Amino acid sequence: MKQFILFAGFSILICATSCKTVQKTSVLDFNAEAFTTQTLKVNDKEIKVRAYENISYVENPVDTIYQKMNIYIPAEYFENKTINGYSADNAPIFFPNQIGGYMPGNPGTAINNGKGMGGMQSGPTTIAQALAKGYVVASAGARGRTFKTGKAPAAIVDLKAAVRYLKFNDKKMAGDANKIISNGTSAGGALSALLGATGNNKDYEPYLKALGAADATDDIFAVSAYCPITNLDHADMAYEWQFNGVNDYKKIDISMLDYNVQRKEVSGTLSANEINVSNQLKAAFPEYVNSLQLKDANGNLLQLDKDGNGNFKELVKSYVIASAQKTLDKGTDLSALKWLTIENGKITALDFDGYVRYMERMKTPPAFDALDLSSGENQLFGNETTDSRHFTKFALANTTKQGGIAEEKTIKMMNPMYYIGTQGTTTTKHWRIRHGTKDKDTGLGISVLLATLLQNNGYDVNLELPWDRPHSGDYDLDELFTWIDKTTK
Ligand code: DHB
């Protein structure tokens, strides 16, 4: 960094005295002097950081609140000290987003302002905990579905632009921009995965260009994704493959109040028409799974028969069983759960229907592409003139409202499954995916399909389904940080 400042100062000096070319500066140049000092408390320890807040990460923003990034750097790095074995040169850049519900997401703050994790996080923020580990932290805000300008693919374009800013400024900033680790939960987890899957793909280029994104690449080093609400164009099928037969539901309505995501529970029973929709969607899932031609660890093709049974289902069950076994091994009594067969301290079988009834249904079919265009995802796929649109052929064919369907390219650009390992894409090598065994915001099959496709393409994937965890994230940061340290060092 110092070297750069000296160099820049020198060239300006030369130009002022002799040459005609002027040093080209950009509004996207990181200003290392524009910081405030913040003191954070993490585990009774005080840490000082330089806070660079409200940085505009594009030249031509279309939004003045969300297209901003906060960057935090441990103050010790300016005294040439090391933290957790990292220095100003090699510290990874942790890149957490705060996106929930595909709503606009604020850039995260190091100090808890009640807005982190949709207002759900108390105590030190994820950002403060990451700084205590010696990471540089950059948290970008992103546009969301409630704004005309925040429809798909706006949020992913914003995150990519923010990554480009970090890479463009790598020499001027502490931290190693070749070690960016993105993190997010739910819609934020989906965007974290999408960011990792689609590095440098040209599909996003026109959007990045229009925003005036920095001239740099946008591939990242690693992805952490909690309960990613992803693969939206196949998520309705995956949901009914899992929940078909469970007709009572407890739905959560998501809305936004004072810039915070709010959730309200509403319960009910599926109508005859909804059960019919569920049956059709369940029946469509095997064809999709089979079309992917995925393989298990032994090289066997993963398949489902027309009733939805087969080795892909066994694979999903194996992740739940592994989670139950880990819990049992820690001494938790699981004998009350009759859908688990436990013999001599080992889980030997899992009754999937029993497990799914224990989980309970949360969403009505179609879970994502609502026939009346009422879902958040419908709004995500709207455009400047139509607030909500469909994104599956099934919902379009069965629609009860006029709105039409989003462009195929837009649907593609929101789904990591179309990009992983493809030509012209730099897909992230390292993946950590978590989806709680009590998380019913999307089907378990979605995370398993994502992880399996990544594994089949040779990427390093760590997928676990934490026991009894509902829809949430950042609940195991010590383990996440251990994984980051192992992966980056
Ligand atoms: C989120 C939750 C959902 O159930 C959904 O459909 C989309 C997003 C979320 O919490 O971000």
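The model is predicted, so local features need pLDDT of at least 70 and side-chain atom pairs count only at pLDDT 80 or more, while totals for chains, interfaces and linings use all residues. Residues are numbered from 1 along each chain as its sequence is written, and side-chain values use heavy atoms, with hydrogens and water left out.

**Aspartate 474**
- Aspartate 474 lies in the loop between strand β13 (460–464) and helix α14 (477–488); helices (H or I, at least four residues) and strands (E, at least two) are DSSP runs, numbered from the N terminus.
- Aspartate 474 is buried (under 20% relative accessible area, 1.4 Å probe, protein chains only).
- Aspartate 474 has no salt bridge (a side-chain nitrogen of Lys or Arg within 4 Å of a carboxyl oxygen of Asp or Glu), and the nearest side chain of opposite charge, arginine 432, is 7.9 Å away.

- Strands β1 (residues 36–42) and β2 (residues 45–56) run antiparallel and are joined by seven bridges; two strands pair if DSSP finds at least two bridges between them.
- Threonine 37 stands opposite arginine 50 in β2.
- Two residues separate β1 from β2 in the hairpin, and asparagine 43 in the turn has a positive phi of about 50°.

How values were computed. Buried means under 20% relative accessible area, exposed over 50%, partly exposed in between (1.4 Å probe, protein chains only). Lys and Arg count as positive and Asp and Glu as negative; His and the chain ends are not counted.
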